[in-house]
Amino acid sequence: MNTPPMHTTPTNTTATGATATDTTADLHTAVVTGAGSRRGIGRATAHALATDGYHIAVVDIDKDTADETAREIADMHGVQALGVAADITDSDAVNAAADAIEAALPPVGVLVNNAGITSPVRFLDVSAQEWDRIFDVNVRGTFLVTRRLAPGMAERGFGRIIHLSSVSAERGGGVFGGVAYSAAKAALLGFSRALARELGPNGVTVNSVAPGLIDTDITAGKLDPARKAAMTAEIPVGRTGTVTDVADVIAFLARPSSGYLTGVTYDVNGGSHIH
């Protein structure tokens, strides 16, 4: 897979003066992968979690955007925020990023596996390399980050792990991603449910969020306007989703008070996939 050079350079930004909305959250850090994009679900999620009092670690392959998000979070919410650049498909990079987070911030209590890539390539045209590229980021990356951070949560007796899946995993594509993307996002649903069974006794919940058609940098300008209009017309609420629509659900699942929810998938799609 062609990726930028791996590096793990942290930038720690701290602001003071805010009062956390939840005492338990104030003792923990939330790690959000792929949160560098300005119009992405990850950055919106980082803001939502910071609003709830979590300190924020932004992990992104792009150092500049990771640092930018961290500065923005600290300035706006008065929590500690750390930007760490890492290629999540590289186990050494993931371990180095986690080491930097644990050295600079309070213990990790929340992990949002948001980092992912899509591919609209049809199955009859997809190459083995393209298939591996999609699974490397969406599945292997999620596995590596979770494997590194979940043991600490289990040991401390508190954790919230949220995987970003997709409506494509449930309805078999048909939105933006092709077969490889749909299969990778479906793998995350099985991963989430099985992990929920294992980690539940340790106070760690594991859930998935499956967004539908959301206005992000991934879909911006890549969907034919006529097709997008047709897809939007079929959504019961009559509009496409926003990153805030998704981030608010993730923040709900990350709260200490959501401890009786585990192994579930929350559909955020305006009713486009009712089942």
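These legends describe close-up views of a predicted model.

**View 1. The largest cavity and its lining.** The structure holds 1 cavity of 30 Å³ or more. The volume of the largest cavity is about 80 Å³. Val 31, Thr 33, Val 59, Ile 88, Val 94, Ala 97, Ala 98, Ile 101, Val 145 and Leu 149 line the largest cavity. Strand S2 (29-33), helix H4 (91-104) and helix H5 (128-156) each contribute at least two residues to this lining. H4 gives the largest share, with 4 residues. By class, the lining has 9 nonpolar residues, 1 polar residue and no charged ones.

**View 2. The salt bridge between Glu 68 and Arg 38.** A search of the whole structure finds 9 salt bridges. In one of them, Glu 68 pairs with Arg 38, and their closest N and O atoms are 2.8 Å apart. The pair links distant parts of the chain, 30 residues apart. Glu 68 sits in helix H3 (residues 63-77), whereas Arg 38 sits in the loop between S2 and helix H2 (41-51). Glu 68 is partly exposed, at 22% relative accessibility. Arg 38 is exposed, with a relative accessible area of 59%.

**View 3. The salt bridge between Asp 99 and Arg 148.** The side chains of Asp 99 and Arg 148 form a salt bridge, 2.7 Å from N to O. This pair also links distant parts of the chain: Asp 99 belongs to helix H4 and Arg 148 to helix H5, 49 residues apart. Asp 99 counts as partly exposed, at 44% relative accessibility.

View 4. Arg 133 and Glu 130 form a salt bridge, with 3.0 Å between the closest N and O atoms. Both residues lie in helix H5, 3 residues apart, or about one turn of the helix. Arg 133 is partly exposed, with a relative accessible area of 30%. Glu 130 counts as buried because its relative accessibility is 17%, under the 20% cut-off.

**View 5. A nonpolar patch on the surface.** Phe 123, Leu 124 and Val 179 make up this patch. Together they have about 340 Å² of accessible area. Leu 124 lies in the loop between strand S5 (108-113) and H5. Leu 124 is exposed, with a relative accessible area of 78%.

**View 6. Ile 274 after strand S8.** Ile 274 is found in the segment after strand S8 (265-268). Ile 274 is exposed, at 70% relative accessible area. The C-alpha atoms of Ile 274 and Pro 236 are separated by 9.7 Å, and the two residues are 38 residues apart along the chain.

Notes. Residues are numbered from 1 along each chain as its sequence is written. Side-chain values use heavy atoms; hydrogens and water are left out. On a 1 Å grid over the protein atoms alone, a cavity is a set of points where a 1.4 Å probe fits but cannot get out, and a pocket is an open set with protein on both sides within 12 Å along at least five of seven lines; lining residues have an atom within 4 Å of a point. Grid points are joined across faces, edges and corners, and a volume is the space filled by probe spheres set on the points. Ala, Val, Leu, Ile, Met, Phe, Trp, Tyr, Cys and Pro count as nonpolar, Asp, Glu, Lys and Arg as charged, and the others, Gly among them, as polar. Buried means under 20% relative accessible area, exposed over 50%, partly exposed in between (1.4 Å probe, protein chains only). Patches are made of residues with over 30% relative accessible area and no salt bridge: like charges are joined within 9 Å, nonpolar side chains (Val, Leu, Ile, Met, Phe, Trp, Tyr) within 5 Å. Accessible areas come from the Shrake-Rupley method with a 1.4 Å probe; for residues, only the protein chains shown count as cover. A salt bridge is a side-chain nitrogen of Lys or Arg within 4 Å of a carboxyl oxygen of Asp or Glu.
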